[in-house]
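Here's a quick walk through one chain and the partner it touches. Have the viewer open while you read.

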Amino acid sequence: MSKLTLIAGGSTLVYAVLAVLMGVLPGMVLSRTKPGPGVMPLTPLQREGRDVFVANGCSYCHTQQVRPLAEDAVFGRPSSAGDYAYETPELLGSERNGPDLTNIGVRQPSEVWQYMHLYNPRSVVPQSIMPDFSFLFEVVAKAPAGVTPLAIPKPYAPEHGVVIPTRKAQALVAYLLSRKQATIPGYSPPATAPSGTAAAAAAATSSATAAGKASFDAAAGARLFAANCQSCHQASGEGIPGVFPPLKGDPVETAADPTEQISIILHGLEGKTIGGVAYPGQMPAFAAQLGDDEIADIIGHERTSWGNNAPLATAAQVAAERAKPAH
Amino acid sequence: MPSRTIPTGADVTRDVFSVYTVCATIWLVFATLIGVLLSLKFAYPDFASHTSWLTFGRLRPIHTNDTFYGWASIGLVGLAYYIAARSSRTELYSGRLAWLGLALFNVAAIAGTITLGMGINDGTLEYREWWWPIRLVFLAALIVSAWNLLATVARRDTEDIYLSNWYTIGGVLWTCIIAIVAILPWYQHGLGQVAVSGYYMHNAVGLWFTPLALGVLYYAIPKLFSRPIYSYALGVFAFWTNLVFYPIIGSHHFLFSPLPWWLQTTAIVFSVAMLVPVWGGSANFLLTMRGQPERLSRSPAMFVLVGVLGYLFGSTQGTFEAFRSLQEIWHLTNYTVGHSHLTMYGFISFVIWGGVYGLLPRATKKAPDSLLMGIHFWMATVGIVIYVGALSIGGTVQGLDWIHGLPFIQSVTDMAPFWLWRAVGGSLMFLSHLVFAWNVWDMTYARGHVNLEAPRAVEAA
């Protein structure tokens, strides 16, 4: 055999074997992974939305993989193999310039918010660097019957006419809202370090309560508010007029008894008219994502900010409300 | 079909080398212009954003794919042809095959660019975003190139096959397999596709660009320093260890994912093993260059030196990034983007420039202006240092923000100054490419410049 055949052929043969071992065989085996309990295929509209997601390269900045690390717990439980049974092409992603979207349908279920955010992300999150997807919307003089136009705040709205979503935007939002992790029966998340320290803080708080003086962790409250509440209610607590209600001076937020506020954070809210304004959005339930002490800290932040000055809530009150049967 | 009867003289080899370099340069300027635009979007997200084909998610794969498959692939194959012919003391086997290959490379890159702009993306799977029929065109270009390189070396006038050709021919043949594995759909469902993505995205880099660039180094360094490579045997050893270790490390892109833990651990182990060919190869290059600092000044050897250091540091960094403890901080952050630029730019692009500046004048007998070459060198070097520095520090800040449980948006606002510095570094890099384009023109089609001193008569082997 010639030298050339040995070098070129030999190395190529070695490489072919390795390619099969490290690429093809794992691919074959893992392609057979069964869907996990409760993992469902997408509906045709959601599927269409996934195509829009792919065409516009969303996964270059948004992962869909929750790692078994404490820092990833905010995005949901760790992803499991069965979660990806219907995920072709796979969209795990490699970079998080934006947050993970594995569970975005749970974390931000409001269609209204999703539309505003896609039309111009800065209309709801001023610091966002996400591109706007205004090309998925149309500006028309008057919305056709049965279509609700977007309520875009002034600086972001077109000068004339109203904004309505195209089919592509509708499909994309349907896909985003479908991003909900299936519950794994019997799985409970391990206690993570942050909530461990929070538990210690809560113990301190409850002893303070016993002494007749409620307190809360102001730093944790501000941080949790920013992570969970601010994208709708805004850092100013003023919300977005007609779309997301203000917390500043709100009767529930300033009532002496925090029970209703606790209940809203635990169970979410939809279709309520506040101060004569009917709000179209849907507020998610936080019962599964936030601990008692964390909710008490958020309430503490809300009741002492923007001129609000109302009695605080304790972790024990949150626990008591949580224990009540769901409405 | 191509005939074996080629006009005598060096014309075909020279012309092929020249035109490949010109095409690659056009892709470099285009792809990095897109890169600058992308970097500005981090600071000014509303800049050029209302049009679908200018949105970030469509431009990003255009930037990466055109850098990979336009600039680096065409540039390296052009060099590989020249090196195959010269080191075998013959002429290129077929000019027609070379032109066909070039046409296929360009058609694939143009079609890929247009379709990605239209939003036709084959699943946002990194570096294989082109719609699969377009990737078949690229595969055809690879097959044509492999055939031409093999046939050129087969009719060599030397006993041995020079080491450079091991790397370049091997790289082209292995990449044909990578391309086929990436296209066939039967084993790519759900998590199975994640495994294939891990395999593909690292192999497409490490068994395509790396061996071709190493092939250029094994030829260009002995030429530029007028002495044979320090250890031929070490080069052969690095060839086989690179071949065996590299294909196994891809899954380190998916540490902590639901991929089987053993697959991830195997990838980490072989990422460490990669230090063997990387340090062996780098030592071989540096020992060949040692003790001749006077040869570096105002010479293409400067580019080669940075290329070798880029290979050494970039690959060693890759090994460390594969450790779970460090991935906890750096994975999914902009640190990774810094790493990919250190390697694709600090290593691959600098080696191509070293090769082009060092070898193209030997083919065309036209030397570039040494001041302009220096301007290119310093702008590109300072640019990449700023670029990688900014993203490495910023990426670390980002990772620590997440670990400290800060609201996600905090990690975005904290990145702002680093993204701005990245745009500064990137702009310098882009401007240096305009100077390079001028120099390429000078070395190929410009009139005048026939001022090259006679090449030193020292054989590579």
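Chain B has 14 helices and zero strands, where helices (H or I, at least four residues) and strands (E, at least two) are DSSP runs numbered from the N terminus. Read from the N terminus on, the elements go α-α-α-α-α-α-α-α-α-α-α-α-α-α.

A bit of housekeeping: this is a predicted model, so local features need pLDDT of at least 70 and side-chain atom pairs count only at pLDDT 80 or more, while totals for chains, interfaces and linings use all residues. Residues are numbered from 1 along each chain as its sequence is written, and chains are lettered from A and ligands numbered from 1 in the order in which they are written.

Now for the overall build of chain B.

| Property of chain B | Value |
|---|---|
| Span of the C-alpha trace along its principal axes | about 65 × 45 × 45 Å |
| Buried residues | 59% of the 461 residues |
| Contacts with a separation of 6 or more that join residues 24 or more positions apart | 84% |

Here, buried means 20 or more other C-beta atoms within 10 Å of a residue's own, exposed means 12 or fewer, and partly exposed is in between, with C-beta atoms placed from the backbone. Two residues are in contact if their C-beta atoms, placed the same way, lie within 7 Å.

On to the side that meets chain A: 68 residues of chain B are in contact with 61 residues of chain A. H6(B) gives the most to that side of chain B, with nine residues. By class, the side has 39 nonpolar, 23 polar and six charged residues; Ala, Val, Leu, Ile, Met, Phe, Trp, Tyr, Cys and Pro count as nonpolar, Asp, Glu, Lys and Arg as charged, and the others, Gly among them, as polar.

Beyond its neighbours within four places in sequence, B:Leu217 is in contact with B:Phe285, B:Val304, B:Gly307, B:Val308 and B:Val351.
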